[in-house]
Amino acid sequence: MKPILIVKTGSTYPDMAARFGDFEDWFLRRLDQASRPVHVVCPQAGEELPPLAPLGGVIITGSHDMVTEKHPWSERSALWLKDAVDRKTPVLGVCYGHQLLAHALGGVVGDNPHGKEFGTVTIQCSDQAGQDSLFKDLPDTFSVQACHSQSVLTLPPDATLLASSDMDPHHAFSIGRRAWGVQFHPEFDGRILRHYVTRFSAELSRQGNDVDRLLAAIRDTPESEALLRRFQAIC
């Protein structure tokens with residue numbers, strides 16, 4: 001059976017990694033590794049992205065870097081992702097991966113004009129989501145974990161909008177029938193999000209957020225978490 005490849009585009013903070021594991025670990029906990037092998041590659045650390053033909057699907061993680069910084073490893077990864085989409089390899093980009101996928105396919109990424117979106121937020125699915133193989137059968141609105149300062153400002157040509165939030169009109173999109181970007185974090189649990197909100201509390205306060213309210217509102221997001229298994233089934 002062809003493996004799923006996790007493209008790791010960075011690492012979390014050392015203290016968080018010591019407690020919760022690193023980015024790839026958060027995804028691995030959500031996936032059924034007994035039914036399909038899962039491999040990890042980190043282009044940020046200089047590792048080469050593999051040929052696409054042997055892969056059953058690709059997941060691109062979040063990062064503390066910004067797509068707009070256009071690091072050489074990131075730009076190479078964008079070209080590789082475009083090739084994956086052209087070859088109809090199933091692709092799921094998450095946060096940085098969502099933005100990188102949009103950038104690779106002709107969209108525009110930049111600072112979210114509304115500021116940082118951190119916390120458990122509600123997203124609203126579009127009418128098209130009901131016909132999408134990843135989003136179908138999900139509620140019209142559901143909760144997700146958000147943790148980002150940049151967003152997809154303009155969707156790629158031919159992209160289909162799948163979900164929006166009050167602060168981000170492009171929280172999820174698809175390209176064709178086998179590639180998706182989601183700005184939210186289906187791999188996060190409440191503990192991880194609380195640590196990010198706490199770490200960025202000063203910046204969030206300056207933005208006008210009540211950090212105590214953000215922390216108190218963090219809750220489980222089962223519909224969001226289930227997307228990783230749904231993607232795995234599509235693969």
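Tutor: The dialogue below takes up cysteines, aromatic rings, nonpolar cores, a helix and a loop residue in turn. Please keep in mind that this is a predicted model.

Student: Let us begin with the cysteines. How many disulfides are there?

Tutor: A disulfide is a covalent bond between the sulfur atoms of two cysteines. In this structure the count is zero.

Student: Next, the aromatic rings. How many aromatic pairs are there?

Tutor: There are eight aromatic pairs. One of them joins Phe-142 and Phe-184 in an edge-to-face arrangement, with 6.4 Å from centre to centre and 90 degrees between the planes. Because Phe-142 belongs to strand β7 and Phe-184 to the loop between β11 and α5, this pair ties together parts that are 42 residues apart in sequence. Both Phe-142 and Phe-184 are buried.

A further edge-to-face pair consists of Trp-180 and Phe-231, whose ring centres are 6.1 Å apart and whose planes make an angle of 85 degrees. Trp-180 lies in strand β11 and Phe-231 in helix α8, so here the linked parts are 51 residues apart in sequence. Trp-180 and Phe-231 are both buried.

Student: Which residues form an aromatic cluster?

Tutor: One cluster is made up of Tyr-13, Phe-23, Trp-26, Phe-188 and Tyr-196. The ring of Tyr-13 also has a charge over it: the charged end of Arg-199 sits 3.9 Å from the ring centre.

Student: How should I read a nonpolar core? Which residues touch the most other members of the largest one?

Tutor: The largest nonpolar core has 30 residues, and Ile-59, Leu-92, Phe-135 and Phe-184 touch the most other members. Elements giving two or more residues to this core include β1, α2, β4 and α8. Neighbours within four places in sequence aside, the contacts of Ile-59 include Ile-4, Phe-27, Leu-92, Leu-228 and Phe-231. Apart from this core lies another, of 28 residues, among them Leu-5, Val-41, Trp-73 and Ala-102.

Student: Which residues of helix α5 are buried?

Tutor: Helix α5 spans residues 190-199, and its buried residues are Gly-190, Ile-192, Leu-193, Tyr-196 and Val-197. Viewed down the axis of α5, they fall within an arc of 160 degrees, so they line one face of the helix. The elements covering them include α1, α2, β6, β7, α6 and α7.

Student: Finally, where is Leu-105 found?

Tutor: Leu-105 is in the loop between α4 and β5. With a relative accessible area of 17%, Leu-105 is buried. Its contacts, leaving aside neighbours within four places in sequence, are Lys-82, Val-85, Pro-156, Pro-157 and Ile-175. The C-alpha atoms of Leu-105 and Leu-81 are separated by 8.6 Å, while the two residues are 24 residues apart along the chain.

Methods:
Residues are numbered from 1 along each chain as its sequence is written. This is a predicted model: local features need pLDDT of at least 70, side-chain atom pairs count only at pLDDT 80 or more; totals for chains, interfaces and linings use all residues. Side-chain values use heavy atoms; hydrogens and water are left out. Buried means under 20% relative accessible area, exposed over 50%, partly exposed in between (1.4 Å probe, protein chains only). Helices (H or I, at least four residues) and strands (E, at least two) are DSSP runs, numbered from the N terminus. The arc is that of the directions from the helix axis to the C-beta atoms. Contact means heavy atoms within 4.5 Å. A disulfide is a pair of cysteine sulfur atoms within 2.5 Å. Rings of Phe, Tyr and Trp (its six-membered ring) pair if their centres lie within 6.5 Å; planes under 30 degrees apart count as stacked, over 60 as edge-to-face and the rest as tilted. A charge sits over a ring if NZ of Lys or CZ of Arg is within 6 Å of the ring centre and within 35 degrees of the ring normal. A nonpolar core is a set of buried Ala, Val, Leu, Ile, Met, Phe, Trp, Tyr and Cys residues joined through side-chain atoms within 4.5 Å.
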